[in-house]
Amino acid sequence: MTPELSDRHLLANLDALARIGAIDGGGCARLALSDEDRQGRDLVVGWMKELGLDVRIDAIGNVIGVRAGREDLPPVMTGSHIDTVRTGGRYDGNYGVLAGLEVVRALNAAKVVTRRPLAVAFFTNEEGARFQPDMMGSLVYAGGLGLNEAYAAADKDGLAVGDELRRIGYLGATKPGALRPHAFVELHIEQGPILDEEKVRIGVVESVQGISWTEYTVTGVSNHAGTTPMRLRRDAGYLAASVNLFARKLAWEMGGDQVATVGALVLRPNLINVVPNRAVFTVDLRNTDEAKLQEAEARVAAHIAEVAASERVAVESKVLARFEPVIFDPGLVDRVERHARALSLSTRRMPSGAGHDAQMMQRLCPTAMIFVPSVEGLSHNVKEHTEPADLVAGAQVLLNLIVELAEG
Ligand code: HGY
Ligand code: MN
Ligand code: MN
């Protein structure tokens, strides 16, 4: 009989972690490798040690707490991330890591030692809000990005990942990916509206949609807003705005899972009476279907070329992240569904709209995800919320699945 998992520590630890980088409205801002991220890391590492885990920090700052098994075999791993976006909620990523610690606490309390070792991880810079690409730590762990390329990634102020890792004391010694898991399971909030709208308790995640992040730098000519006739304008801000409108219209027209977001936009000189001569903006395109995602990318690029020609502005583009859709291990996905139903929890199969570390771990071992509902589908928003009963239910599914895998 697998042990019961208590909500006491899970809810308390979620609150304690959310107090680090706390922002108005109940959310938290702990951008990757910031001082707040370091404080959050230190707190979770302390909890890992209190639980008796052997804590290892790798060369990209991934932190893995290992619990010995009866046999020295590849571990069953769970985990997520504890970095957040600037308008972060308290559950995105944090929940999966802290639920992993509760799995350990329940097994410790029950004095259960599983056949396989267990590992609870948090990966560096999952969000990609400060440094791109997102899922950086798990991508390096899975061998998809070299350490030096990751170290060189810089934020808007020119601060580089390698230097920031060293500055916060998390440039570890172990080789990323040296600990190759037997299986990986990530517990996460859905961050979308489906489970909440359908009143379903557990999301059985079959896949993660493809992600395309591009940054565009547009160069026009600054000019007087009053004296410059429209026919003479070379307005960088106009191109940025037209791409936003085009991408949104395109997503509606393509329908299905297609989404498009112009999330970041900086105009220069950003003054009321000056035609902007520079615009730097990002386009985030996603789709569960790779061919459709490529179609969206091509149509946005064609639109940009057309407007750049007519507005006589120059455009440079930089790919910040590009990941194809990932399909999780069907056998492991079936197990998630079975364990949820064994607890009489309603389930529905679904893709993930958000990117996750699990999509990188699927490159190394059978991987699956468990979702719990996000109230009103809000996330990357301080109002992000999941009911305690759902938090505990998801963690119990995780515990039961992990114990089964660890005896396998
Ligand atoms: O952008 C994403 O999907 C994730 O939050 N990094
Ligand atoms: Mn996340
Ligand atoms: Mn996120």
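This is a predicted model: local features need pLDDT of at least 70, side-chain atom pairs count only at pLDDT 80 or more; totals for chains, interfaces and linings use all residues.
Me: At what angle do helices H1 and H12 pack?
Reply: Helices (H or I, at least four residues) and strands (E, at least two) are DSSP runs, numbered from the N terminus. H1 covers residues 7–18 and H12 covers residues 388–406, and their axes are 10 Å apart. Axes are lines fitted to C-alpha atoms, for helices over the stretch in contact, and angles run from 0 to 180 degrees between N-to-C directions. Taken that way, the angle between H1 and H12 is about 115°.

Me: Which residues of H12 make the contact with H1?
Reply: Contact means heavy atoms within 4.5 Å. On the H1 side, the contact is made by Asp7, Leu10, Leu11 and Leu14. Their partners on H12 are Pro388, Leu391, Val392 and Ala395.

Me: How are H3 and H12 placed relative to each other?
Reply: The two helices pack at an angle of about 60°, with their axes 9 Å apart. Angles under 35 degrees count as roughly parallel, over 145 as roughly antiparallel, 65 to 115 as roughly perpendicular and the rest as oblique. H3 and H12 are therefore oblique.

Me: How many nonpolar residues has the contact of H3 with H12?
Reply: H3 brings Tyr95, Ala99, Gly100, Val103, Ala106 and Leu107, while the H12 side includes Leu398, Leu399 and Ile402. Ala, Val, Leu, Ile, Met, Phe, Trp, Tyr, Cys and Pro count as nonpolar, Asp, Glu, Lys and Arg as charged, and the others, Gly among them, as polar. By class, two residues of this contact are polar and one is charged, and the nonpolar number is 11.

Me: Is the crossing of H10 and H12 left-handed or right-handed?
Reply: H10 (residues 330–342) packs with H12 at an angle of about 125°, their axes 9 Å apart. A crossing is left-handed if the near helix is turned anticlockwise from the far one by less than a right angle, and right-handed if clockwise. For H10 passing H12, the crossing is right-handed.

Me: What is the volume of the largest cavity?
Reply: On a 1 Å grid over the protein atoms alone, a cavity is a set of points where a 1.4 Å probe fits but cannot get out, and a pocket is an open set with protein on both sides within 12 Å along at least five of seven lines; lining residues have an atom within 4 Å of a point. Grid points are joined across faces, edges and corners, and a volume is the space filled by probe spheres set on the points. Among the residues that line the largest cavity are Val76, Met77, Val103 and Ile402, and the lining divides into eight nonpolar, two polar and no charged. The volume of the largest cavity is about 40 Å³.

Me: Which element gives the most to the lining of the second largest pocket?
Reply: About 300 Å³ of space lies in this pocket. Of its 14 lining residues, the closest to its centre are Ala251, Trp252, Gln258, Val259 and Ala260. Strand S11 (259–261) and strand S14 (278–287) are among the elements that give two or more residues. The most comes from H8, with five residues.

Me: Which proline does a cis peptide bond join to glutamine 132?
Reply: The omega of this bond is about 5°. Its proline is found in the loop between S6 and helix H4 (136–141). The residue is proline 133.

Me: What is the phi of lysine 111?
Reply: Most residues other than glycine have a negative phi. Lysine 111, in the loop between H3 and S6, has a positive value. Its phi is near 55°.

Note on methods. Residues are numbered from 1 along each chain as its sequence is written. Chains are lettered from A and ligands numbered from 1 in the order in which they are written. Side-chain values use heavy atoms; hydrogens and water are left out.
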